[in-house]
Amino acid sequence: MNKFFKNIFILITSFILLSTISIISVLWTYSNDLPDYKFLKNYKPPVSSKVYSSNGDLVADFSQEKRVFVPFNSIPKNVINAFLSAEDKNFFKHPGVDAKGVIRAVINNISNILSSKRLEGASTITQQVAKNFLLTNEVSLNRKIKEAILAFRIERALSKERILELYLNQIYLGSGAYGVAAASLEYFDKSIKDLNYSEAALLAALPKAPSRYNPYRDPDIAKFRRNLVLKNLLDNNYLSSEWYEKLTKEEIILKKNKKIYLEDAQYFIEDVRKSVIETLSYDKVYKQGFNINTPIDLDLQTIATKSLRDGLIAYDKRKGWRGPLTNKIYNSEWKKDLEKYKLENSINWELAIVKKINKFSAEIETEDNIEGVIEYQSISWTKKEFNKLLKPGDIIYVKNLKENIFNLQQLPKVNGGIVVMDPFTGRVLALSGGFSFKQSEFNRATQAKRQPGSAFKPFVYALALENNFTPTSLVLDAPLVLDQGDDLKMWKPENYGKKFYGPSTLRVGLEKSRNLMTVRIAQTLGVEKIVDFSKALKIYDNPEELLSISLGSTETTLLKLTSAYSVFVNGGKLVEPILIDRIQDSEGNTIFNNDKRKCINCDQISYLTNDYPEIKNNYTQIFSPETAFQMTSILEGVVQRGTAKKLKDLNLNIAGKTGTTNKNTDTWFIGFTSNVLVGVYVGSDNPTPLGKYETGSKTALPIFKSFISDSINKNDARPFKAAKGTVMMVVDPLTGQKAKFNSKNTIIEVFKKENVVDGKVLYSNSDRLDSNNILKFY
């Protein structure tokens, strides 16, 4: 008998020893091939970077996944309780693997196999962290062993709170949402701190099968699964019976995350995206959760985009109908393959097919299956009758006017851009680079390099005022032929309209945009000075030293040119365009700040001193405040008497300049009030003439006017502030001489104090022309 027990003991001991050796061998074998888990101590899941407007509205996010990282201390108890009840109720008790859960799963799975039911899992939250971060989703014994070993190691290295934090921020919960915070926004449009137990239970129900239990896809199955989690909460004493009964009867109420993702701001947002990626790298921007504050004003952006679109449509209609998008057979399949024609919802156009042509109308069907009619009056701009305009099967754009009456629309062939800036800081308040971002991502405000034409002239005149000219200096307006150098043709510039006006004041030369006067001024100043001046203003980088630069023959962008006009408003200081105010990392630390101003005496604030803090900028002074104000006054004259007089009826203090290049290929208008600067460009992507009479005054200026009309009132367009070193005198605008008593044709002219002695203006009129055809009076 003793021998029998002895043999049993030896057998059991051998079995235990053999099992121990086997287990150690398995653990040793798998341990050598495990990924490093130590990085989890400092790991943060990839988080989207968010873009905010000047008012703090969310306008975009740059992400590969929908994810918002939330630290453990900010996750409410009801969310934690719901996930523990659904996934791992013994989480705070087990060492990484739940032995009781494994035994229970094994016993239940024997029954499940016999009844052909789905097998149960026994993975703890720690094991899921190991799988999600370090392993694949492979279903195998090898992976389960590795998962268990890693779970033990993770438990020794990390606190329970850290493990749960990683899990709740990493887990996929359907609809593209990763982590509880992103899922809360996706399904309920609320912060996780505002979730009730019913909502928390629904989120906790999703990890098992995010697609199957998705409440958007199947609310009944989602509700059933939610109620199972609520039952677990009841069993774990997180809910009372009465509360449980009440919650299980509640319907699932979803609210899609409301995004203020402004379609009209896509050109602005894309430039911001490119800039931050260039500065910080793609990987950081899409994973490290930066907060990007921009100066964009969403109200101004909407107005700017609408003004640009309306102006491009108005031009396009002047050129007539070009034909339908395509033609299809009318059947149930006609809507297929039309994705490339889709436009932004904010444009409010729909795709439609022509079903029938009548003498004075056309019957259509929209992509939303709405039957409608295009009436004769809506096609008057095409100058065609219906039977010559459309035919059955034509795919067209239409706009719903009222009930089932539609207007025929056409995507403009011409394009353009608009920029709205704060001239004192350079902050870009609105920007649009084209009619439709969906149709073309090419940004005509920042990428298109075009000749500014006459819109460059104000800088030539400003340089003249810095070099002993006055607004009343007389310049000869007469034919001119110039030798441009070897291998270049003789250059014979002409005025628009090919007329000549004789001696005229500097002011008149700019107000009327006289080419010949501008060239003569440029001759006097010297091309080198103009080139250096344009580079200092950052209009051009390295332009050729040709006299034609004075007429805007060198290419630049709308954003650069508009930014340069800031010097006229802000007293001659150079500001650079700002699309990004500040960037903060996910911890709130500022890593980039575009505010370059200095605070004087900020470190000496005390109620015992009179040294008040003073904010000062360090912008480069390009030319004197006196010259800046003189130029502003002359550019006001462009609006009152010159090429921009279509703006007079706004009755606002506005200054600006039109621009038109050779053959009317590119057209511009840059204008400003006392606190807002707006630049507009219109032209074709493949530069071609816009038409004989399509000047800056006719194409670009109306866009500016539309924007100003909808966004600026008299309080926002106060009289321009006079510079300290200037005096004003009443003069004859044609001769530049001091106005005589009771003279009817007069203007108030601005002079620098240094040019006025005893009430008389120096450097004004003379009896003869000097060698450069400049008339002066001493």
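Which residue forms a salt bridge with Lys705, and how far apart are the closest N and O atoms? I found Asp649 as the partner of Lys705, with the closest N and O atoms 3.0 Å apart; a salt bridge here is a side-chain nitrogen of Lys or Arg within 4 Å of a carboxyl oxygen of Asp or Glu.

**Entry 1. Basis.** I note that this is a predicted model, in which local features need pLDDT of at least 70 and side-chain atom pairs count only at pLDDT 80 or more, while totals for chains, interfaces and linings use all residues. Residues are numbered from 1 along each chain as its sequence is written, and side-chain values use heavy atoms, with hydrogens and water left out.

Entry 2. I located Lys705 in helix α23 (residues 701-711) and Asp649 in the loop between α21 (625-641) and β24, 56 residues apart. Helices (H or I, at least four residues) and strands (E, at least two) are DSSP runs, numbered from the N terminus. Lys705 is partly exposed at 21% relative accessibility, whereas Asp649 is exposed at 52%. The classes are buried under 20% relative accessible area, exposed over 50% and partly exposed in between (1.4 Å probe, protein chains only).

I then looked up Asp477, which forms a salt bridge with Arg514 at 3.5 Å between the closest N and O atoms. Both Asp477 and Arg514 are buried. The charged end of Arg514 also sits over the ring of Tyr501, 3.7 Å from its centre; the criterion is NZ of Lys or CZ of Arg within 6 Å of the ring centre and within 35 degrees of the ring normal. I recorded a network of salt bridges linking Arg507, Glu511, Arg641 and Glu749. The search of the whole structure gave 28 salt bridges.

**Entry 3. Aromatic pairs.** I counted rings of Phe, Tyr and Trp (its six-membered ring) as paired if their centres lie within 6.5 Å, with planes under 30 degrees apart stacked, over 60 edge-to-face and the rest tilted. The count comes to 24 aromatic pairs. Phe456 and Tyr540 have ring centres 5.5 Å apart and planes at 35 degrees, so the pair is tilted. Phe456 lies in the loop between β13 and α15 (457-465) and Tyr540 in the loop between α18 (527-536) and α19 (558-564), so the pair ties together parts 84 residues apart in sequence. I found both Phe456 and Tyr540 buried. Ring pairs link them into a cluster whose members include Phe459, Phe533 and Phe623.

**Entry 4. Antiparallel sheet.** I traced an open sheet of 5 strands in the order β13-β12-β26-β25-β24, with antiparallel pairing; two strands pair if DSSP finds at least two bridges between them. Its edge strands are β13 (428-432) and β24 (655-660), each pairing on one side only. The twist averages 5 degrees from one strand to the next; axes are lines fitted to C-alpha atoms, for helices over the stretch in contact, and angles run from 0 to 180 degrees between N-to-C directions. Strands β24 and β25 (residues 666-672) are joined by 6 bridges, and Gly659 stands opposite Trp668 in β25. Helix α13 (residues 298-318) packs on the sheet, touching β12 (415-421), β13 and β26 (677-683), where contact means heavy atoms within 4.5 Å.

**Entry 5. Mixed sheet.** I traced another open sheet of 5 strands, β2-β1-β5-β19-β20, with mixed pairing. Its twist averages 15 degrees from one strand to the next.
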